[in-house]
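Hi everyone, thanks for coming.

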Amino acid sequence: MKNKVLTIASIIMMFLPWTILPVRMNEWALKSPVAEKIIMGYALFMIFSGVFTIVSYFVEKVQNVLMKACLVINTVYAAAGIIFLSMM
């Protein structure tokens with residue numbers, strides 16, 4: 001049961017960063033203070049999801065095919081989040 005919950009959480013975390021695209025279509029989301037906060041929030045979430053997936057895979061030993069895909073994608077997201085925060 002724990003394996004399924006962690007896998008589903010990682011899958012959801014894999015698709016959530018793409019919600020920034022519809023959010024950024026709003027004019028209010030393009031203004032300076034709001035835009036930076038949105039990007040910072042998404043970057044922190046991407047880093048959290050990468051760390052969560054790494055911990056789930058290596059520490060909790062949830063090692064199935066879906067988790068392997070989530071591990072690769074969320075680790076790339078975490079690296080991108082670190083890059084986005086360092087650019088700010």
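Helices here are DSSP runs of H or I with at least four residues, strands are runs of E with at least two, and both are numbered from the N terminus. This is a predicted model, where local features need pLDDT of at least 70, side-chain atom pairs count only at pLDDT 80 or more, and totals for chains, interfaces and linings use all residues. Residues are numbered from 1 along each chain as its sequence is written, and side-chain values use heavy atoms, leaving out hydrogens and water.

Let's start with the loop between α3 (32-58) and α4 (65-87), where Val-59 lies. Is Val-59 buried or exposed? Its relative accessibility is 58%, so Val-59 counts as exposed; the cut-offs are over 50% for exposed, under 20% for buried and partly exposed in between, with a 1.4 Å probe and protein chains only.

Val-62 sits in the loop between α3 and α4 too, but Val-62 is buried, with a relative accessible area of 1%. Leaving aside residues up to four places away in sequence, Val-62 touches Asn-3, Leu-6, Thr-7, Ser-56, Tyr-57 and Met-67, where contact means heavy atoms within 4.5 Å.

Now the helix. Among the buried residues of α3 are Ala-35, Tyr-42, Met-46, Thr-53 and Tyr-57. What do the buried residues of α3 pack against? They pack against α1 (2-15), α2 (20-23) and α4.
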